[in-house]
Amino acid sequence: MKKLFTILLILAATSFVANAQSAKKTAAKKTPKTTCAFSQGNNVVGASIGFGLPGALIGLSYERGFENDLFGVSGLNLGAGAVGGFYSYANSSSNNGVTVNTSSSVINIMLRGALHYQFVKNLDTYVALNVGASHVEAASEGSSHGYSTGGSTSNTGFGGGLLVGARYYFLPYLGAGAEFGFGSAVAGANLCVFFKF
């Protein structure tokens, strides 16, 4: 009886060890290791300043990596998040006693989806789509020889934009880059600083 108990105990221990090793191999297959600059589980916060408009667009962004090797393509990773931007511009001109003052401001709050692919070590390249709300306010005022007139308007509506960008991480958690595109939350060219955690 003692021998039977010992044999059963050895078989149970062997089975337990084999199952544990199999579980480790399965877990390793489910969470592939990647050396990409942006991958599943990464969080990236960014601040940007945009050029290409008469004024400057100030932006903030957040993005999280959701899926690696999208569509079975090694290194093609999916990210999603949100981006917000503020743009303000004022102008004044005078000609022959007529003065015109104009001002405008735009606030954008967008959702962002992006496809990332790394061509060079530490360089994250991506194409992104922004979709969300855009609020615009504009005002003008004119005066001529003691008479003045003016008006203002505001509107909130749907906005969106398409862009391509690149981030270079000179430290594992800190990078800088640029985005080029059109539409809301993009001003032609944005210069950015990113923090990854």
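From the N terminus on, the elements of the protein follow the order α-β-β-β-β-β-β-β-β, that is, 1 helix and 8 strands, where helices (H or I, at least four residues) and strands (E, at least two) are DSSP runs numbered from the N terminus. The model is a predicted one, in which local features need pLDDT of at least 70 and side-chain atom pairs count only at pLDDT 80 or more, whereas totals for chains, interfaces and linings use all residues. Residues are numbered from 1 along each chain as its sequence is written, and side-chain values use heavy atoms, with hydrogens and water left out.

The strands form a closed barrel of 8, running 1-2-3-4-5-6-7-8 with antiparallel pairing, two strands being paired if DSSP finds at least two bridges between them. From one strand to the next the twist averages 25°, as given by axes that are lines fitted to C-alpha atoms (for helices over the stretch in contact), with angles from 0 to 180 degrees between N-to-C directions.

Gly65, which lies in strand 2 (residues 57–67), counts as buried because its relative accessibility is 3%. Leaving aside residues up to four places away in sequence, Gly65 touches Phe38, Ser39, Gln40, Gly41, Asn42, Leu78 and Gly79, a contact being heavy atoms within 4.5 Å. Among contacts in the protein between residues at least 6 apart in sequence, 55% join residues at least 24 apart.

The protein exposes about 12200 Å², of which carbon and sulfur atoms supply 67%, with areas taken from the Shrake-Rupley method with a 1.4 Å probe and, for residues, only the protein chains shown counted as cover. A nonpolar patch on the surface is formed by Leu115, Val127, Leu129, Val131, Phe158, Leu162, Val164, Phe180 and Phe182, with about 850 Å² of accessible area together. Strand 5, strand 6 and strand 7 (174–183) are the elements that give two or more residues to this patch. Patch residues have over 30% relative accessible area and no salt bridge, with nonpolar side chains (Val, Leu, Ile, Met, Phe, Trp, Tyr) joined within 5 Å and like charges within 9 Å; a salt bridge is a side-chain nitrogen of Lys or Arg within 4 Å of a carboxyl oxygen of Asp or Glu. Val127, in strand 5, is partly exposed, with a relative accessible area of 35%.

Terms used: Buried means under 20% relative accessible area, exposed over 50%, partly exposed in between (1.4 Å probe, protein chains only).
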